[in-house]
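Q: I am new to this structure and would like to learn how to read it. Please show it first.

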Amino acid sequence: MSPTSAPRVLVVPCLQDNYAYLVVGSEGRAVVVDPSEAAAVERALAAEGLRLTGVLCTHHHWDHVGGVPELRERHDGLAVFAHRADAARIGGPTDALDDGDRLAIAGLEFEALHVPGHTLGAVAWLGGGAVFTGDTLFLAGCGRLFEGPASMMHASLERLADLTPETRVYCGHEYTLSNLRFAAAMEPANEAVAAKRAWAEAERDAGRPTVPSTIAEERRTNPFLRCAEPSLRARFSEPTVTDVFAELRAAKDVFR
Ligand SMILES: [Zn+2]
């Protein structure tokens with residue numbers, strides 16, 4: 001799919017701070033990414049007059065796939081896509097994919113990027129000039145290391161950072177403000193972080209989501225994509241970029 005035909009993406013707030021996304025395809029069809037609860041998705045479908053034909057799961061955590069069983073009951077023949085390593089924990093998707101696998105549904109095309117670290121079967125869905133990153137890459141942050149070592153997560157994030165700079169980034173949670181507070185503490189002289197923080201505060205005050213970002217924007221403002229920057233390397237004085245990432249992730253875990 002060319003960037004000029006980028007599909008419409010509707011942000012569906014779920015639970016406390018989760019985001020599901022409806023990606024609008026052709027002929028009134030849509031796919032949903034990470035439906036943590038069915039009701040919010042159903043409301044969004046009804047409001048837009050859309051028919052759900054597919055589900056893309058980024059990983060097995062309940063706050064991303066909790067709504068899948070109910071959606072399956074309500075939508076005949078619903079296709080559910082997940083990485084094979086997380087498949088058993090998602091109650092058996094109809095399609096278990098691996099890295100680089102492509103799928104076509106609702107007139108849309110996506111590629112599975114296996115990005116383990118948060119979970120071993122974490123996958124980012126790339127399509128239509130957008131990437132849905134679940135809990136791997138957040139705006140100005142990254143997910144916790146639940147199932148993989150820092151080196152694994154770092155490699156996954158590097159892979160996302162190498163996507164086309166204009167790629168729009170849709171992540172699994174609205175954590176942007178707290179992430180930017182940490183980013184500002186780590187890189188006080190980073191003007192892009194300061195500017196994004198002021199913008200994000202205004203957006204949240206107005207009740208708007210901060211998604212999407214872009215890969216280019218994340219490279220400027222996300223410390224976890226900036227571990228090779230001298231400002232961060234000097235802070236942790238670690239020998240390798242991966243070590244800097246590990247220290248940075250550990251620092252975020254205890255940051256208040
Ligand atoms: Zn998660």
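Q: Is H61 buried or exposed?
A: Buried means under 20% relative accessible area, exposed over 50%, and partly exposed in between, with a 1.4 Å probe and protein chains only. H61 is buried, at a relative accessible area of 17%. D135 is also buried, at 5%. This is a predicted model, where local features need pLDDT of at least 70, side-chain atom pairs count only at pLDDT 80 or more, and totals for chains, interfaces and linings use all residues. Residues are numbered from 1 along each chain as its sequence is written, and side-chain values use heavy atoms, leaving out hydrogens and water.

Q: Which residues are the protein donors of the zinc ion?
A: Donors are N, O and S atoms within 2.8 Å of the metal (3.2 Å for Na, K and Ca); water is not among the atoms, so sites may look incomplete. Here they are H59 (NE2), H61 (ND1), H118 (NE2) and D135 (OD), 2.2 to 2.3 Å from the zinc ion.

Q: What is the order of the strands in the open sheet of six?
A: Strands are DSSP runs (E, at least two residues), and helices are runs of H or I of at least four, numbered from the N terminus. Two strands pair if DSSP finds at least two bridges between them. The order is β7-β8-β9-β10-β13-β14, with mixed pairing. β7 (102–105) and β14 (213–214) stand at the edges, each with a single partner strand, so one side of each has no neighbour in the sheet.
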